[in-house]
Amino acid sequence: MPDAPQSFLTGEFRRALDDRFRLTLPTDFATGVTDDAGETILAKERYGCLSLWKAGDWRQRMNDGVSLIREKIRAGRMEQRWTDVQRLGRLLSTRSVDVSLANRSRLLIPEGFREFLGVDKGGDVIVVGAVICIEIWQPQAWMDQLKNDMPEFGELFKQLSN
């Protein structure tokens, strides 16, 4: 299980992609998702949303999950779920990529991830702190997410803080 974050990544910023699909992140956010080796992972979350993680944290989460699945396969507990295992494999294969943040704050969004985000070059994005990672949202997808999540804020905060 990953260590608790040193500080929570919070905040909301509107940014524009440049004509080469580069995004300049707030400095605190860029620092918060770059590990000691200078590595960052870009992941597809849901259509219209990408996330950035410290590479070590991301890899540990993925490795822990994959190890559990391997154990279930070895124990013969996945025989009826091969279609699900294949589906997971496809998603794992295309879900994330290692990225470098130029000058520790500028991200070049790779092809494939651009289409998933659904924002044209020069278009606006919303950069949101999600405590343990940062998210890059297509603006309408972000508004839709807020409309769904905001009414539950009080109850969610109460559940997680008790």
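Predicted model: local features only at pLDDT ≥ 70, side-chain atom pairs only at ≥ 80, totals over all residues.
**Close-up views of selected sites**

View A. A disulfide would require the two sulfur atoms to be within 2.5 Å. The structure accordingly holds 0 disulfides. Cys-133 has a relative accessible area of 4% and is buried. Cys-49, at 0% relative accessibility, also counts as buried.

**View B. Strand β4 and its pairing with β3 and β8.** Strand β3 (residues 40-46) runs antiparallel to β4 and is joined to it by 6 bridges. Strand β8 (residues 134-137) also pairs with β4 in the antiparallel sense, over 4 bridges. Leu-50 can be followed through both pairings: Leu-50 in β4 is the bridge partner of Lys-44, and Leu-50 stands opposite Ile-136 in β8.

**View C. The turn between β3 and β4.** The two strands form a hairpin with 2 residues between them. Gly-48 lies in this turn and has a positive phi of about 90 degrees.

**View D. Lining of the largest pocket.** The space in the largest pocket amounts to about 830 Å³. Its lining consists of 23 residues, and those nearest the centre are Gly-129, Ala-130, Asp-149, Phe-153 and Leu-156. Two or more lining residues come from each of β7 (124-129), β8, α5 (139-149) and α6 (153-161). Helix α6 contributes the most, with 5 residues. By residue class, the lining has 13 nonpolar, 5 polar and 5 charged members.

**View E. Ser-161 in helix α6.** Ser-161 is placed in helix α6, the element that gives the most residues to the lining of the largest pocket. With a relative accessible area of 47%, Ser-161 is partly exposed. A polar atom of the Ser-161 side chain lies 2.6 Å from the backbone oxygen of Phe-157. Ser-161 and Thr-40 are separated by 121 residues in sequence and by 29 Å in space, C-alpha to C-alpha.

View F. Which loop holds Phe-21? Phe-21 is found between β1 (12-16) and β2 (22-24). Phe-21 is not a glycine, yet its phi is positive, at about 65 degrees. At a relative accessible area of 17%, Phe-21 is buried, the limit for this class being under 20%. Val-131 lies in the loop between β7 and β8. Val-131 is also a residue other than glycine with a positive phi, near 65 degrees. Is Val-131 buried or partly exposed? Its relative accessible area is 28%, so Val-131 is partly exposed.

Note on methods. Residues numbered from 1 in each chain as written. Heavy atoms only, no water. Pairing = 2+ DSSP bridges. 1 Å grid on protein atoms, 1.4 Å probe; cavity = no way out; pocket = protein on both sides within 12 Å on 5 of 7 lines; lining within 4 Å. Points joined across faces, edges and corners; volume = space filled by probe spheres on them. Nonpolar A, V, L, I, M, F, W, Y, C, P; charged D, E, K, R; others polar. Buried < 20%, exposed > 50% of the residue type's maximum accessible area, 1.4 Å probe, protein only. Polar contact = N/O pair within 3.5 Å; in protein donor to acceptor, adjacent residues only side chain to side chain.
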